[in-house]
Amino acid sequence: MRRYSWLVPTLYILFLMLPIYWLLNMSFKTTNEILGSFTLWPQEFTLENYRVIFTDPTWYNGYINSLIYVTLNTVLSVAVALPAAYAFSRYRFLGDKHLFFWLLTNRMAPPAVFALPFFQLYSAVGLFDTHLAVALAHTLFNIPLAVWILEGFMSGVPKELDETAYVDGHSFWSFFLKIFVPTIAAGIGVAAFFCFMFSWVELLLAKTLTAVEAKPIAATMTRTASTSGYELGLLAAAGSLTIVPGAFVIYFVRNYIAKGFALGRV
Amino acid sequence: MTLELKDVSLRFGADTHIYPTSLTLDPGSFNILLGTTLAGKTTLMKLMAGLEKPTRGEVWFSGKNVTGVSVRSRNVSMVYQQFINYPNLTVYENIASPLRVARVSEAEIKKKVQSLAELLKLSPMLQRRPGELSGGQQQRTALARALIKDSDLVLLDEPLANLDFKLREELRDELPRLFADRDCIVVYATTEPTEALLFGGNTACLHQGRIAQFGPTGEIYRAPKDLVSAQVFSDPPINTVAVTKRGGEFRLADMATWAATGDFANIADGDYTLGVRPHHVSPLASGDNPVGVDGKVLVAELSGSESIIHFTMHGATWVSQSHGIHPFEVGSQAKLYADMSRAMLFDMDGRRVAA
């Protein structure tokens with residue numbers, strides 16, 4: 001029995017890796033090969049698909065646009081959530097618990113609900129088709145999440161640390177920026193990661209609120225039917241590349257996330 | 001440099017944390033706040049430091065009203081029971097922190113940190129982070145940070161409570177030396193009467209948000225003003241029972257009678273509460289006026305050189321703490337002797353009757 005204990009995890013991992021493998025596999029094939037025959041690995045290995053993406057501005061601008069609004073969103077969300085989470089973790093004020101819960105309820109509505117109002121509003125104020133539009137729309141979901149995560153980490157830091165800093169003569173901002181923020185760096189990492197991931201994979205709002213200037217990569221991918229039909233190889237290569245930033249971020253914050261789970265807030 | 005609390009009280013909504021309290025701490029004095037957990041020791045310290053603003057009353061320092069002055073502008077240091085250090089800074093930077101804020105020159109910071117580190121045996125750890133240190137070293141770091149600036153007021157909130165026995169003794173010996181050549185006011189909170197006695201100085205007995213008594217430590221121990229002080233200043237808790245005095249004789253229900261000797265002879269007849277410290281109750285008759293009482297043994301703890309026997313006696317739970325090993329069967333009847341010449345008498349309002 002023990003000798004086969006590797007079997008189940010291996011099968012499971014194969015099952016998980018299969019779609020990713022297939023995507024990578026396709027990205028190194030020509031569209032003809034994909035459509036023409038069933039092959040387990042590329043018969044005519046080609047980097048042509050990737051070459052197109054890295055040289056054609058309509059493709060690589062999609063990545064640049066996505067990265068711009070995702071970064072903007074992550075910075076905005078964490079910057080706004082930090083003081084809010086501090087207030088929730090350190091002060092008792094009228095309706096604090098209700099407010100905290102209400103923040104979370106924002107996440108319970110599907111983004112589609114907000115697509116129409118955002119579209120109309122941003123068109124009216126001239127924000128339509130800008131990176132800021134998407135970044136702002138995503139903060140609606142990310143700030144509550146970031147506040148929730150950061151509050152958990154902050155409550156894990158004893159209030160006496162704040163008091164010690166004041167006793168030592170630190171001002172609030174000196175304490176907050178020089179001592180408190182480094183102390184909860186792990187929490188900030190986790191919050192930033194979740195903001196990044198939500199904003200990176202969210203498609204509906206990003207697509208609705210942009211046209212040309214700030215068009216995200218996912219939108220580019222859905223609009224690439226050419227006269228010769230779908231270019232599947234190209235799409236597969238674009239898809240493979242969209243996994244890369246997420247994988248990078250996960251690699252860097254993996255230890256922090258484990259810590260976050262231990263604190264019961266992720 | 002005198003710290004004065006003038007009728008200071010603190011309330012949160014309907015909860016009173018500190019009842020109106022007045023206290024004067026002299027320059028260069030070592031003061032102990034003695035009380036059980038939740039007695040209000042930490043809260044009172046925060047009021048002294050300026051971390052909490054009193055609901056009513058005023059805090060004066062060196063003849064100036066500092067009630068509304070923030071803790072930053074007062075020259076105060078504080079050490080907590082939990083080991084509080086800045087986790088992202090090295091031990092060196094932790095200790096240097098108050099000087100950095102005060103913009104002291106680098107050369108002077110270095111000199112001061114190194115001499116303090118030497119004193120507190122932290123020299124080899126200066127480049128490490130607090131998380132990599134043992135509990136004792138972490139608390140030394142916190143102490144060093146509290147000592148590096150010449151504070152007018154140093155507040156130590158049960159600084160030794162989270163340390164193991166050996167380290168606690170070690171650090172307890174070092175503490176008075178650290179303050180020997182300073183003229184700051186030290187306030188030390190503790191739950192342990194023994195600790196208060198070891199440090200000496202002045203003691204304030206704190207009970208449920210009120211100061212029961214304040215004065216020289218030894219004096220309060222020997223002659224507590226009332227029952228509350230006596231209870232706070234006794235561990236294990238002081239034994240009490242109702243007694244009656246009539247015509248030169250004390251009577252404990254129908255269990256025991258004894259002659260009112262010494263100072264007890266002069267007090268008026270009537271009902272009193274008798275208080276006997278656990279180490280004046282022993283399985284062996286000893287002292288000037290041993291009186292036997294009968295009890296049922298609840299617990300008998302025998303440590304290497306000492307017996308602690310908990311027993312019920314006339315409806316009250318008493319504790320006897322005596323030298324030597326005195327084995328008792330749990331549940332058995334036992335005869336123990338209280339030295340009544342060392343007992344204290346309290347009237348029905350809890351005030352100690354002169355003895």
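Student: What share of the 266 residues in chain A is buried, and what makes a residue count as buried?

Tutor: In this predicted model, buried residues make up 35% of the 266 residues in chain A. A residue is called buried if 20 or more other C-beta atoms lie within 10 Å of its own.

Student: What is the share for chain B?

Tutor: Of the 355 residues in chain B, 40% are buried.

Student: What part of the contacts in chain A with a separation of 6 or more comes from residues 24 or more positions apart?

Tutor: Such residues account for 81% of those contacts in chain A. In chain B the corresponding value is 67%. Two residues are in contact if their C-beta atoms lie within 7 Å.

Student: What is the order of the strands in the open sheet of chain B?

Tutor: The five strands follow the order 15-19-16-17-18, with antiparallel pairing. Strand 15 (281–282) and strand 18 (316–323) of chain B each have a single partner strand, so they stand at the edges, and one side of each is left without a neighbour in the sheet.

Student: Why do strand 16 and strand 17 of chain B count as a pair?

Tutor: Two strands pair if there are at least two bridges between them. Strand 16 (residues 290–302) and strand 17 (residues 306–313) of chain B have six bridges, in the antiparallel sense, and therefore count as a pair. Within strand 17 of chain B, Ser307(B) stands opposite Leu302(B).

Student: How many residues does each chain give to the contact between chain A and chain B?

Tutor: Chain A gives 14 residues and chain B gives 18 residues. On the side of chain A that touches chain B, helix 8 (159–167) and helix 9 (172–183) of chain A are the elements that give two or more residues. Helix 8 of chain A has the largest share, six residues.

Student: What classes of residue make up that side of chain A?

Tutor: There are six nonpolar, five polar and three charged residues. Asp, Glu, Lys and Arg are the residues that count as charged.

Terms used
Residues are numbered from 1 along each chain as its sequence is written. Chains are lettered from A and ligands numbered from 1 in the order in which they are written. This is a predicted model: local features need pLDDT of at least 70, side-chain atom pairs count only at pLDDT 80 or more; totals for chains, interfaces and linings use all residues. A residue is buried if 20 or more other C-beta atoms lie within 10 Å of its own, exposed if 12 or fewer, and partly exposed in between; C-beta atoms are placed from the backbone. Helices (H or I, at least four residues) and strands (E, at least two) are DSSP runs, numbered from the N terminus.
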